[in-house]
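Dear colleague,

Please find below the structure that I am handing over to you. My notes on what was found in it follow directly after.

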Amino acid sequence: MDVAKRILKEHGLSITTPRLVILEIFLHTPHILDHAELMVLCKEHVNRITLYRTLHLFYEHHLLLKVPSNTGISKYLYRGLREDKRGGKIHLICQDCGRIISLEDVRLPPIHLPKNFEPNFMDLIVNGKCRGCSK
């Protein structure tokens with residue numbers, strides 16, 4: 001819980017039991033999760049509305065990425081700590097088993113954005129099949 005508390009503090013968020021429970025789940029789960037899966041994992045500590053609001057809050061504070069899935073249901077991925085906003089991450093996500101392979105501190109190719117937009121960070125999500133599922 002100490003790591004989760006530190007993360008919440010670093011992002012200027014109040015430390016509450018539901019936030020700690022949800023963040024701990026993301027810190028210890030090696031795959032992407034949707035709302036229903038998270039509800040099962042934290043049902044004794046967090047109600048459905050609190051979970052939804054916390055996911056939205058974490059997304060707004062750049063703790064989570066929303067990952068579109070082939071079923072149309074948004075899934076969530078913990079982004080990890082980000083010290084250098086210029087660097088990027090590439091997330092390889094298996095659409096069969098949900099396994100995530102994250103490549104840290106990757107220099108993403110330059111992307112020409114409109115002049116009236118300044119990005120804070122970039123992540124690249126690559127959907128596909130891991131070695132185990134592609135056999």
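In the contact of helix 2 with helix 3, Val21, Ile22, Ile25 and Phe26 of helix 2 meet Leu38, Leu41 and Cys42 of helix 3; contact means heavy atoms within 4.5 Å, and helices (H or I, at least four residues) and strands (E, at least two) are DSSP runs, numbered from the N terminus. By class, this contact of helix 2 with helix 3 has seven nonpolar, no polar and no charged residues. Here Ala, Val, Leu, Ile, Met, Phe, Trp, Tyr, Cys and Pro count as nonpolar, Asp, Glu, Lys and Arg as charged, and the others, Gly among them, as polar.

This is a predicted model, in which local features need pLDDT of at least 70 and side-chain atom pairs count only at pLDDT 80 or more, while totals for chains, interfaces and linings use all residues. Residues are numbered from 1 along each chain as its sequence is written, and side-chain values use heavy atoms, with hydrogens and water left out.

Helix 2 and helix 3 (residues 35-42) pack at an angle of about 110°, and their axes are 10 Å apart. Axes are lines fitted to C-alpha atoms, for helices over the stretch in contact, and angles run from 0 to 180 degrees between N-to-C directions. Helix 2 is therefore roughly perpendicular to helix 3 (angles under 35 degrees count as roughly parallel, over 145 as roughly antiparallel, 65 to 115 as roughly perpendicular and the rest as oblique).

Helix 2 also packs against helix 1 (residues 2-10), at an angle of about 110° and with the axes 9 Å apart. On the side of helix 1 the contact is made by Val3, Ala4, Lys5, Ile7 and Leu8, and on the side of helix 2 by Arg19, Leu20, Leu23, Glu24 and Leu27. The residues of this contact of helix 1 with helix 2 divide into seven nonpolar, no polar and three charged.

Turning to the sheet, three strands form an open sheet in the order 1-3-2, with antiparallel pairing; two strands pair if DSSP finds at least two bridges between them. Strand 1 (33-34) and strand 2 (64-67) each have a single partner strand, so one side of each is left without a neighbour in the sheet. Strand 2 is joined by four bridges to strand 3 (residues 75-78), and Leu64 stands opposite Tyr78 in strand 3. Helix 2 (residues 17-27) lies across strand 1, strand 2 and strand 3, at about 80° to strand 3.

Overall, the protein chain has five helices and six strands.

Yours sincerely
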